[in-house]
Every structure is written in C-alpha cells, then in structure tokens.
Amino acid sequence: MYVTDALIYQKRDIIMKRKSTKAMMFGMIVIALLVALDQATKYMAAAVLKANGPKVLIPGVFELRYLENQSAAFGFDIVSFLQRIFRISYFEANPDAFLAFKMGVFSLLTLVVVFLLVLVYRRIPEANKRLRYMDGILLAFAAGAIGNCIDRVVHNYVIDFFYFSLINFPIFNVADIYVTVSAFLMIVLGLFYYKEEDFETVFPSKKKKETVSDAK
C-alpha cells in the first residue's frame with residue numbers, strides 16, 4: 001500500500017511540476033518568431049500597398065488594403081468612446097496628445113495581458129500532454145498582443161491589410177489572426193476537450209491543496 005501511495009504522489013508531483021527554464025526559453029523563442037512574422041508582413045504591406053493601393057486577390061471577396069488603424073482590434077475603441085462621453089477639453093484641443101494617450105492605454109493593457117499570459121504559461125505542467133494545446137494558444141495570443149503593441153509604440157497606429165470585401169469585414173493583420181484564432185480555440189477546447197481536473201492542475205483550488213498536504 002505504501003508503494004502504491006508513493007507512486008501516486010510521485011506521479012502527482014510530475015504532473016504538478018511547472019515549466020523549466022528551458023521550456024520557458026522555448027516559449028519565448030516561439031513568441032519571437034511569431035512576432036517577427038507579423039512585423040515582416042506589416043513591413044511588406046506598408047512598402048507595397050501604401051504606395052500602390054489595394055491589391056485584389058479574389059475579386060469581390062478578398063483583397064489586400066493598407067490601413068493605419070488607430071483603434072484596437074477590428075476597430076474596437078473604448079478609449080475614444082469614453083472621450084465622446086466625457087469630452088475632456090484638453091484632448092479635444094490636442095488630438096495628437098489624445099492619440100498618444102490612447103496608444104499608451106492600449107499598450108499598457110497589452111503588457112498586463114501578456115504578463116498574465118506568461119504567468120499562466122509557466123504554471124502549465126510541462127509533463128501534462130493534454131495541456132500542450134493550451135501552451136500553443138497562450139503563446140500565439142501573447143505574440144498577437146505584442147505584435148500590435150509594437151506598432152502602437154513605434155507608429156502610434158497598427159498596420160492592417162487583410163480585407164474580406166465580400167462581407168465588408170474590418171481590415172485586420174496577422175497579429176489579429178493569432179489573437180482571434182487562439183481565443184476561438186480556447187473556447188472550443190474549454191467546452192469540449194478540457195475537463196475540470198485539467199484546469200485544476202494549472203489552478204489548484206485551496207481545498208485541493210490542503211487535501212494533498214494532509215495526505216502527505
């Protein structure tokens with residue numbers, strides 16, 4: 001019986017082990033590569049589309065169209081919405097200052113989100129193969145957030161260029177794809193693949209921690 005209990009605790013310790021430094025470095029490299037891809041496509045869009053205009057790939061359906069987006073993803077802009085409500089006189093008289101403030105708010109929120117994503121990524125047990133999908137989702141989401149944040153810091157706007165003219169969908173970029181696909185996959189996996197015990201390995205409840213401690 002003692003041997004069985006020892007094996008159970010040993011397996012539990014392996015599952016609960018957090019990311020190693022090597023695994024964290026690998027994750028950072030993946031993020032860097034994804035961000036590099038996003039920035040490269042934006043650079044090409046600015047170099048080609050800004051001067052030459054839109055390029056139609058599928059007539060009436062899909063085209064490449066350069067846009068300097070001063071809002072959040074897909075045109076969502078809570079900061080401008082609040083400004084229209086409260087009408088801060090300084091920002092109304094200084095639109096450039098308001099733009100810089102808005103980009104600063106978006107960048108700060110992005111840094112907070114990325115920090116939280118990295119913390120969650122680190123907590124995912126390295127030996128738990130069921131959670132590998134979550135690893136990829138978090139890395140892609142972080143890369144998308146960082147990619148757009150770089151644009152806001154460097155340009156005070158985000159470069160968008162993918163446009164589905166068939167449905168007049170908001171113009172977007174590679175970083176937006178990272179974020180949107182990651183969020184969609186997380187919802188699908190959370191509903192149909194992952195179980196409560198999977199999330200417990202990442203965020204063990206206080207009750208469970210006490211139970212394990214008492215058992216040892």
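Q: How many aromatic pairs does the structure hold?
A: This predicted model holds 12 aromatic pairs. Rings of Phe, Tyr and Trp (its six-membered ring) pair if their centres lie within 6.5 Å.

Q: How are the rings of Phe161 and Phe162 placed?
A: Their centres are 4.4 Å apart and their planes are at 55 degrees, so the pair is tilted. Planes under 30 degrees apart count as stacked, over 60 as edge-to-face and the rest as tilted.

Q: Why give both a distance and an angle?
A: Because a pair of aromatic rings is described by the distance of the centres and the angle of the planes.

Q: Are Phe161 and Phe162 buried or exposed?
A: Both Phe161 and Phe162 are buried. Buried means under 20% relative accessible area, exposed over 50%, and partly exposed in between (1.4 Å probe, protein chains only).

Q: Which residues do ring pairs link into a cluster?
A: Phe62, Phe161, Phe162, Phe164, Phe169 and Phe172.

Q: New topic. Where is Asp135?
A: In helix 6, which covers residues 132-155. Helices (H or I, at least four residues) and strands (E, at least two) are DSSP runs, numbered from the N terminus.

Q: Why does Asp135 count as buried?
A: Because its relative accessibility is 11%.

Q: What does its side chain join?
A: A polar contact of 3.0 Å links the side chains of Asp135 and Lys19. That term means a pair of N or O atoms within 3.5 Å; within protein, one must be able to donate a hydrogen and the other to accept it, and residues adjacent in sequence count only if both atoms are side-chain atoms.

Q: OK, the surface. Which residues form the nonpolar patch?
A: Phe76, Ile78, Phe81, Leu82, Ile85, Phe86, Ile88 and Tyr90. Nonpolar side chains (Val, Leu, Ile, Met, Phe, Trp, Tyr) are joined within 5 Å, like charges within 9 Å.

Q: Which helix gives the most to the patch?
A: Helix 3, residues 78-86, with five residues.

Q: And where is Ile88?
A: In the loop between helix 3 and helix 4 (89-93). Ile88 is partly exposed, at 42% relative accessible area.

Q: How many helices and strands are there?
A: Nine helices and three strands.

Q: What are the ground rules here?
A: Residues are numbered from 1 along each chain as its sequence is written, and side-chain values use heavy atoms, leaving out hydrogens and water. In this predicted model, local features need pLDDT of at least 70, side-chain atom pairs count only at pLDDT 80 or more, and totals for chains, interfaces and linings use all residues.

Notes:
Patch = residues over 30% accessible without salt bridge, like charges linked within 9 Å, V, L, I, M, F, W, Y side chains within 5 Å. Areas by Shrake-Rupley, 256 points an atom, 1.4 Å probe, with all protein chains shown as cover. Salt bridge = Lys/Arg side-chain N within 4 Å of Asp/Glu carboxyl O.
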